[in-house]
Number of protein chains: 2
Amino acid sequence: MASEEVKQSLKLFIVLSRATKAINEVTYQFIQENNVNPTEFAVLELLYHKGRQPLQKIGNKILLASGSITYVVDKLEKRGYISRILSPSDRRITYAEISPKGSAFMDELFPRHEQQLHELTNGLNVKEKDQAIALLKKLGLSIKDLSY
Amino acid sequence: MASEEVKQSLKLFIVLSRATKAINEVTYQFIQENNVNPTEFAVLELLYHKGRQPLQKIGNKILLASGSITYVVDKLEKRGYISRILSPSDRRITYAEISPKGSAFMDELFPRHEQQLHELTNGLNVKEKDQAIALLKKLGLSIKDLSY
DNA sequence: TATTGTTATACTCTATAACTATA
DNA sequence: TATAGTTATAGAGTATAACAATA
């Protein structure tokens, strides 16, 4: 029989999972209505906010094998949202860079995404959100430190 | 430009996603080392804790189409973890029930799963976990109420 | 030799639609 | 007619391994 503290941890996991799932169901639907999947959105968001990235670096961030990155980047490039740029200094490296069309797409999409998240989380007031942010940040960092 | 409050909501979403992702990476790996995938584990957990369920009800809980449920239940049945039981009162209905072998599997697996979650969340102390549980519960419920 | 990215291939999971049987 | 579950099929997304080009 699990101790009270173990049960509490399980409870935390359950409410964490449910809250995340509830938000993700809405945001995934929103993203997919705009004809990108979560992986593609993640790549676009990365390039939109962080600028051009070597393909391999994208793979590390999104946790995708190199062959799969080629597949995703191909799809986004065919739609004109990103372009490949060869590195002049190291000719093994290819960068992906968001295109004007991709930027325009994200200019339109991202604020609505943010606004939707704002509405979705408004069950908590500003003070509660600050508390939640602090606790979740602490939790997330402590897990990374475990580095399983 | 997004308001401070919208930015705060985005921040909340980011730390929530990161904490969840960090936990899920570890637990998914643990589950897969035991040769079940997350969907199969969810079905086993449901039957283990809630008893026999009509296949359709499983589909509703796990959010899976009927054809996909057949596929998942087939796999678990072939491995001897569950069995199909025909309803005598309504012959359209088939129940899935966890088998002794499936129960033994979960008897072994679930406490380790719980213990792992306990260790993963121990960056927060008991009081902080209670706070986090209350906040996440409130958040999760408020999202469901929006019922997009 | 090691690294980057591509190609070719296979597999897992899921959805959809047509179907059977029961109600 | 409506519901439960199965079958057949197709597709998306991912991983793996072999490869070419470059460092």
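Predicted model: local features only at pLDDT ≥ 70, side-chain atom pairs only at ≥ 80, totals over all residues.
Figure 1. Of the atoms of DNA strand C that come within 4 Å of the protein, 75% belong to sugar and phosphate.

**Figure 2. Polar side-chain atoms of A:Ser66, B:Tyr71 and B:Lys75 beside DNA strand C.** A:Ser66 places a polar side-chain atom 3.5 Å from a base oxygen of DNA strand C. For B:Tyr71, a polar side-chain atom lies 3.3 Å from a phosphate oxygen of DNA strand C. For B:Lys75, the distance from a polar side-chain atom to a phosphate oxygen of DNA strand C is 2.5 Å. Two or more residues of the surface near DNA strand C come from each of α3 (55–62) and α4 (66–78) of chain A and α4 (66–78) of chain B. Of the elements, α4(B) gives the most to this surface, namely four residues.

**Figure 3. Relation between chain A and chain B.** Chain A is superposed on chain B by a rotation of 180 degrees with 0.0 Å of shift along its axis, at an RMSD of 0.1 Å. The two copies are therefore related as by a two-fold rotation axis. Within chain A, A:Ala132 has the C-alpha nearest the axis, at 3.3 Å from it. Both copies use the same surface, as 100% of the contact residues of chain A recur in chain B.

**Figure 4. The open sheet of chain A.** Three strands of chain A form this open sheet in the order β1-β3-β2, with antiparallel pairing. β1 (53–54) and β2 (82–86) stand at the edges and each has a single partner strand, so one side of each is left without a neighbour in the sheet. Five bridges join β2(A) to β3 (residues 94–98) of chain A in the antiparallel sense. A:Ser83 stands opposite A:Glu97 in β3(A).

**Figure 5. The annotated region of chain A.** The unreviewed UniProt entry carries the annotation "domain: HTH marR-type" for residues 9–141 of chain A. Over residues 9–141, chain A is 72% helix and 9% strand, and the end C-alpha atoms are 17 Å apart.

How values were computed. Residues numbered from 1 in each chain as written. Chains lettered and ligands numbered in written order. Heavy atoms only, no water. UniProt positions renumbered as here; feature names shortened; annotations may be inferred. Near = heavy atom within 4 Å. Polar contact = N/O pair within 3.5 Å; in protein donor to acceptor, adjacent residues only side chain to side chain. Least-squares fit on C-alpha atoms with pLDDT ≥ 70 in both. Contact = heavy atoms within 4.5 Å. Pairing = 2+ DSSP bridges.
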